[in-house]
Amino acid sequence: MFIFNKRYFYLTLVLFLIEICIAVFVNDSFIRPFIGDVLVVILIYCFVKAFWNIHSSIVALSVFAFSCAIEILQYFNFVNNLGLQKYKILAVALGSVFDWKDIIAYAIGIITVLWLENRT
């Protein structure tokens with residue numbers, strides 16, 4: 001079950017660097033909030049696949065469920081309720097504003113992953 005897959009690991013690093021560049025250098029209303037969310041689920045998927053040999057559908061659906069759970073927690077303002085707002089990186093990573101568009105972006109990311117993994 002535990003493996004090390006170089007391909008997924010390198011994809012994880014590349015996607016992480018792209019996400020950092022988006023966070024640091026892009027401040028718009030499309031790439032940062034939407035493309036960033038599409039890429040973050042792909043990043044998490046690649047990270048899991050870099051270390052565990054789990055069927056792609058299971059990983060993809062689990063990442064989508066996890067992402068939606070975090071988004072739902074944002075609706076309930078959990079970062080502030082737990083007093084985590086003073087930890088800037090954690091607060092940014094977990095988010096603080098619920099938005100249905102984020103769930104759509106996560107779905108697009110996961111659909112992209114499944115399409116790429118299952119193309120012949």
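Guide: A residue counts as partly exposed when its relative accessible area falls between the 20% under which it is buried and the 50% over which it is exposed. The model here is predicted.

Visitor: Fine. At 29% relative accessibility, what does Thr112 count as?

Guide: Thr112 counts as partly exposed, because its relative accessibility is 29%.

Visitor: Which helix is Thr112 in?

Guide: Helix H6 holds Thr112. Between Thr112 and Val38 there are 74 residues of separation in sequence, while their C-alpha atoms are 8.9 Å apart in space.

Visitor: What about H3 and H6, at what angle do they pack?

Guide: About 170 degrees, with the axes 10 Å apart. Here H3 covers residues 56-75 and H6 covers residues 100-118.

Visitor: Parallel or antiparallel, then?

Guide: Roughly antiparallel, because the angle is about 170 degrees and anything over 145 counts that way.

Visitor: Which residues make the contact?

Guide: From H3 it is Ser56, Ser57, Ala60, Val63, Phe64, Ser67, Cys68, Glu71 and Gln74. H6 supplies Asp102, Ile103, Tyr106, Ala107, Ile110, Leu114, Glu117 and Asn118.

Visitor: And how many of each class?

Guide: The contact of H3 with H6 has nine nonpolar residues, five polar and three charged.

Visitor: Gln74 was on that list. Is Gln74 buried or exposed?

Guide: Gln74, which lies in helix H3, is buried, at 8% relative accessibility.

Visitor: Leaving aside neighbours within four places in sequence, what is Gln74 in contact with?

Guide: With Leu94, Gly95, Ser96, Val97, Phe98 and Asp102. Asp102 is also listed on the H6 side of the helix contact. As for Ile42, its C-alpha is 20 Å from that of Gln74, and the two are 32 residues apart in sequence.

Visitor: Where does Asn77 lie?

Guide: In the loop between H3 and helix H4, the latter being 78-81. Phi of Asn77 is near 55 degrees, which is a positive value in a residue other than glycine. Asn77 is partly exposed, at 31% relative accessibility.

Visitor: Now rings. How many aromatic pairs does the structure hold?

Guide: It holds 13 aromatic pairs. One of these joins Phe4 and Phe9, with ring centres 5.3 Å apart.

Visitor: Why is that pair tilted?

Guide: Because the planes of Phe4 and Phe9 stand at 55 degrees, and that falls between the stacked limit of 30 degrees and the edge-to-face limit of 60.

Visitor: Are Phe4 and Phe9 buried or partly exposed?

Guide: Phe4 is partly exposed, with a relative accessible area of 46%. Phe9 is partly exposed too, with a relative accessible area of 26%.

Visitor: Which residues form an aromatic cluster with Phe4 and Phe9?

Guide: Phe2, Tyr10, Phe47, Phe51 and Trp52 form one aromatic cluster together with Phe4 and Phe9.

Note on methods: Residues are numbered from 1 along each chain as its sequence is written. This is a predicted model: local features need pLDDT of at least 70, side-chain atom pairs count only at pLDDT 80 or more; totals for chains, interfaces and linings use all residues. Side-chain values use heavy atoms; hydrogens and water are left out. Axes are lines fitted to C-alpha atoms, for helices over the stretch in contact, and angles run from 0 to 180 degrees between N-to-C directions. Helices (H or I, at least four residues) and strands (E, at least two) are DSSP runs, numbered from the N terminus. Angles under 35 degrees count as roughly parallel, over 145 as roughly antiparallel, 65 to 115 as roughly perpendicular and the rest as oblique. Contact means heavy atoms within 4.5 Å. Ala, Val, Leu, Ile, Met, Phe, Trp, Tyr, Cys and Pro count as nonpolar, Asp, Glu, Lys and Arg as charged, and the others, Gly among them, as polar. Buried means under 20% relative accessible area, exposed over 50%, partly exposed in between (1.4 Å probe, protein chains only). Rings of Phe, Tyr and Trp (its six-membered ring) pair if their centres lie within 6.5 Å; planes under 30 degrees apart count as stacked, over 60 as edge-to-face and the rest as tilted.
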